[in-house]
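Here are my notes on this one, as numbered points. Have a look at the model first, then read on.

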Amino acid sequence: MDLLNRFKEYLAKEKLYTPGDKILLAVSGGVDSVIMTHLCKQAGIDCGIAHCNFQLRGAESTRDETFVTALANELALPLYTIRFDTETYATEKRVSIQVAARELRYAWLEETRQQHGYTYLATAHHMQDNVETVLMNFSKGTGIAGLHGILPRQQHLIRPLLFAQKSDILALAAANGYGYVEDSSNLTVKYTRNYFRHKVIPVIQETYPAAVPQMAASIDRFREAELLYNEAVQRHKKRLLFQQGDNYRVPVLKLQKAVPQQTLAWEIFKDFGCSPAQLPQVIDLLQSEPGKWVETTSHRIIRDRVWLLITSLEVQEAPLIVIEKETAVVPVKGGTLKLKIRPADGATIPTSPLMACLDMDTLQFPLLMRRWKQGDYFYPLGMRKKKKLSRFFIDQKLSLIQKENIWVLESAKRVVWIIGMRIDDRCKITPNTNHMLVLEWQPI
């Protein structure tokens, strides 16, 4: 079967094209993108050409732009071109030239696609490119996602030549006399991909001549295996990961018994900034005492009694809130505090820990609302001895996350209420109380 028919079959098989779609072709001028352009034209696809000049190879870059312009004119296709100051961009962004070119290229191509109403953006990656990608991923370490290689479609980005070997592309160009340009940078082995292309794969082919198509077939199987893998992972996540507000919890006992434990732990914790090197530390938390934690780039994973608690590191420092006698409502992170002053005579004292009644004569305004800190103490209601808040929280069996979210109300440097938990005995309502401050905490 000729390449054009295989091209059409591949588009249909991977659902990369529907009649009426418009495709913007990323064309460098090299043989791969030139063949992609001719195949799209011959298949009757409504397409246009986009070319980026990165101005990195002097006269060669200008030559490529001139060639692509001539190709667009020859095939009567719309042409979109741009010139980038790639070196300046790389310096300003502190990235490599390769990263700079990739960022500039894809951002402009997507902008052009949207601006001119194209359904898809197509690049000319082929079978060898895919094999190179998987070998590089495997060599530097990867999970199953790194083995699916270059996907045929990612949202609006398609790769319609992944089915074709380089030899097929070169043979079609030679048979039809299609001109193209050579990028001299593709010949150097200082770039990782070129090293695999020119040094690694040819050595493999000495022993296994059909290595590229065989590995490509394996990649297709990896893609299908990944679908089953992800389906299984999602089922396990439903019983191992629970959201609670802004935080997440993982049951220690269930993860201890989970099989395969390391794989499931990775799939859970990688989404919370955990690196492969940190994963053993996280798994060690399953056997550690409560209070131990591992800090990732974005989260803290804390061992509680029966849970691993996951909390974001982006929590801002809580403010110090001044409360005047006239203040009625105080909204803060985590809830709202409401305040009222009422006569104490005949009043019913609420039993809910979310409400507190304090003797006004024992208070000195302004009050302060703040997060608790180490060293804080109070006299718990019903007790004549003071107690550190840290010890009180241990007795209440609060987790580290719960403790971090505790607010206290302070009067004249005394903690008068651990909000939502216990008042200070020195501020309780007595038969001699004339007026009381009624407080209600409404957590989110």
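This is a predicted model: local features need pLDDT of at least 70, side-chain atom pairs count only at pLDDT 80 or more; totals for chains, interfaces and linings use all residues.

**Notes on helix 4 and the overall fold**

1. On the face of helix 4 turned away from its buried side sit the exposed residues E87, T91 and E92. Exposed means over 50% relative accessible area, buried under 20% (1.4 Å probe, protein chains only). Helices are DSSP runs of H or I, at least four residues, and strands are runs of E, at least two, numbered from the N terminus.

2. Residues are numbered from 1 along each chain as its sequence is written, and side-chain values use heavy atoms, with hydrogens and water left out.

3. Which residues of helix 4 are buried? Within residues 86–93, they are T86, Y89 and A90. They span an arc of only 100° around the axis (directions from the helix axis to the C-beta atoms), which puts them on the same side of helix 4.

4. The cover over the buried residues of helix 4 includes helix 5 (97–115); contact here means heavy atoms within 4.5 Å. After helix 4 comes R94, with a positive phi near 55°.

5. Zooming out, the protein has 14 helices and 22 strands. Its radius of gyration (over C-alpha atoms) is 33 Å, well over the 22 Å from the globule rule (2.2 Å times the number of residues to the power 0.38) for 444 residues, so the protein is more spread out than a compact globule. Buried residues make up 42% of the 444.
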